[in-house]
Every structure is written in C-alpha cells, then in structure tokens.
Amino acid sequence: MTNPAPEAPVSAYEKERSDGGEVDPRCVPQTLDGDPPTGAEIEYPDYSQQDQDNWRFLFERQMDMLPGRAGAAYLKGVETLGMTPERIPALADLSSTLERTTGWKVTRIPGLLHERDFFTLLSERRFPSTDYIRGSDELDYTPAPDLFHDIFGHMPMLTEPDFADFYQLFGMAALNAEGVDRQSLERLHWFAVEFGLIRDPEEIRIFGAGVNSSKDEVLHALEQAEQRPFSVDAVINQDYEVWHLQPVLFVAESFDQLVTEFRTWAVSRDLLPADA
C-alpha cells in the first residue's frame with residue numbers, strides 16, 4: 001500500500017478561515033473580469049468630505065510616529081510621491097510618478113484579489129490598489145484592503161529601485177509556485193513586504209507596509225517584537241498568525257540583500273530562470 005500524497009500547506013488566511021470564525025466578505029478574494037484600468041485610465045472617485053477627513057487623520061497620525069522609526073527609503077518615497085494630508089492622492093498621479101521613478105504603474109482593483117491575478121500584475125510591474133478608504137469606525141484597524149494601506153503603506157517602497165525589482169521578481173516567481181513553495185512565498189511576502197525591518201544604516205528601521213500603515217504595529221515592531229536576522233531560509237520556516245501583533249520580525253541588512261537572496265532561492269527552486 002502506498003502512502004497518500006501529503007496535502008498542500010494552507011495559507012495563514014486559509015487556516016484562520018478554517019477555524020470556523022465568521023468570514024468578512026471583504027476578505028474573500030475576487031477574480032478580475034478583464035484588464036483593470038491602469039495609470040491615466042483610472043478616474044478619481046467622488047470622495048465624500050468624511051473620506052478626505054479620514055485620510056487626513058490617518059496620514060497625520062502615522063507621519064507623527066514614523067520619523068526615527070521608518071526607513072529613509074520609505075520616508076523619501078512618501079515625499080517623492082507628493083503625499084500630503086490635504087487630499088487623497090489620485091491613483092493616476094501616483095502611477096505617473098512611479099513610472100518615471102522605477103518603471104512601475106498603478107492598477108485600480110475592486111478589492112482583495114485572487115492570488116493569480118495579484119501575482120500577474122506584480123510580474124508586469126503593475127501595483128494593484130483599491131481606491132476606497134476605510135470608514136470612521138475602522139480607523140484603528142480594518143481587516144480589509146483599502147487605499148490607505150495600499151497607497152500609504154505600499155507605494156513609497158516602490159520608489160526604491162532594489163525593492164521595486166524584488167517585488168517584480170516575487171510576482172514572477174509566485175506564478176510558477178506550487179505546494180510548499182506557495183507557502184514559502186506567502187511567508188516571504190508577510191515578513192518582507194508587509195512586516196519587513198531593515199538596518200538603516202546602523203539603526204533598525206521599518207519598511208514593511210503592514211507596519212508603516214498601523215499605529216500599533218509601529219511601536220510594537222521596534223520595542224517589543226523579537227528581531228531576527230533576515231534570510232530566506234529563516235523566513236520560509238517561520239509560521240505566523242494574521243490577526244494579532246507580530247511577535248517575530250526579520251531585519252534585512254540592505255535591499256540589495258533582499259533581491260540577491262530571493263533571486264538565488266527562487267532560481268534554486270526553478271521558480272525563476274537563471275538569468276532573471
């Protein structure tokens with residue numbers, strides 16, 4: 001008798017859903033129906049005054065906390081993209097600036113994306129962003145994607161050339177991943193893109209979108225979380241849970257390290273060609 005094939009590892013989000021809790025419909029991945037608008041094709045929504053007020057509140061709160069905590073590349077990215085508390089940025093304008101800076105564009109999406117669509121956009125150097133903002137009752141935390149996390153959390157780092165290259169390589173590799181490699185990439189995304197720390201150049205600073213866009217994670221990451229040296233092997237063997245402050249984070253020595261180690265690992269797993 002042969003042993004049955006092992007089941008594919010489940011993601012952290014799938015594990016949480018399997019525990020029987022009520023699923024927020026905004027956290028159910030959507031599949032794109034056709035090619036979504038990109039760059040100049042994206043229209044600016046008719047935001048309410050409350051939407052603009054929520055942006056101002058979130059922007060000012062985070063920017064009061066981030067100097068001395070966020071990495072220089074992130075803070076420079078906020079400046080490069082021209083973000084201010086005065087007005088929710090237009091995705092078309094952000095896309096134009098990113099395209100001039102690192103060759104990335106912004107694509108407007110309706111909500112949380114199915115991973116295949118998400119990775120495809122990344123592989124094309126297109127960042128998927130929502131264009132709606134969380135409500136006043138979720139200013140401290142929302143489980144769903146929204147423009148504050150997408151714009152304020154993610155886009156500044158896409159102005160950093162090495163990180164911008166890493167994120168495209170990540171999308172390309174993820175399109176070829178199956179089984180345990182899918183779980184490995186999920187963990188790499190969590191601990192680098194969302195919760196990454198960096199030595200900048202001697203002090204430890206934040207670059208992850210999930211930390212820079214969260215008031216609670218900013219303080220927790222630098223003052224309470226266990227900080228371990230980043231390596232791909234260490235990250236892909238570190239489990240995590242989604243819905244609480246993160247007890248373990250990883251510190252990269254540089255963004256070049258992130259690109260180089262990821263490319264080497266992905267090529268060794270046949271997820272990228274040797275000349276990627």
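**Exercise 1. Work out what share of the contacts with a separation of 6 or more joins residues 24 or more positions apart in the chain.**

Solution. Take the contacts in the chain with a separation of 6 or more, then pick out those between residues 24 or more positions apart: they account for 69%. Keep in mind as you go that you're looking at a predicted model.

**Exercise 2. Decide how the chain's radius of gyration fits with that of a compact globule.**

Solution. Start with the length, which is 276 residues. For that length, a compact globule would come out near 19 Å. The chain itself has 18 Å, so the two agree. For the overall dimensions, the C-alpha trace spans about 65 × 45 × 40 Å along its principal axes. Inside those dimensions you'll find twelve helices and six strands. As for burial, 52% of the 276 residues are buried.

**Exercise 3. Describe the chain's surface and its charges.**

Solution. Next, count the charged side chains: 23 are positive and 50 are negative. Last, look at where the two sets sit: their centres lie 2 Å apart.

**Exercise 4. Classify the ring pair of phenylalanine 191 and phenylalanine 250, and say which parts of the chain it ties together.**

Solution. Step one: the ring centres are 5.1 Å apart, and the planes meet at 80°. Planes over 60 degrees apart count as edge-to-face, so that's what this pair is. Step two: phenylalanine 191 belongs to helix α8 (residues 180-194), while phenylalanine 250 belongs to strand β6 (residues 248-252). The pair therefore ties together parts that are 59 residues apart in sequence. Step three: check burial, where the cut-off is under 20% relative accessible area. Phenylalanine 191 has 2%, so it counts as buried, and phenylalanine 250, with 2%, is buried too.

Definitions and conventions. Residues are numbered from 1 along each chain as its sequence is written. This is a predicted model: local features need pLDDT of at least 70, side-chain atom pairs count only at pLDDT 80 or more; totals for chains, interfaces and linings use all residues. Side-chain values use heavy atoms; hydrogens and water are left out. Helices (H or I, at least four residues) and strands (E, at least two) are DSSP runs, numbered from the N terminus. The radius of gyration is taken over C-alpha atoms; the globule rule is 2.2 Å times the number of residues to the power 0.38. Buried means under 20% relative accessible area, exposed over 50%, partly exposed in between (1.4 Å probe, protein chains only). Contact means heavy atoms within 4.5 Å. Accessible areas come from the Shrake-Rupley method with a 1.4 Å probe; for residues, only the protein chains shown count as cover. Lys and Arg count as positive and Asp and Glu as negative; His and the chain ends are not counted. The place of a charge is taken as NZ of Lys, CZ of Arg, CG of Asp or CD of Glu. Rings of Phe, Tyr and Trp (its six-membered ring) pair if their centres lie within 6.5 Å; planes under 30 degrees apart count as stacked, over 60 as edge-to-face and the rest as tilted.
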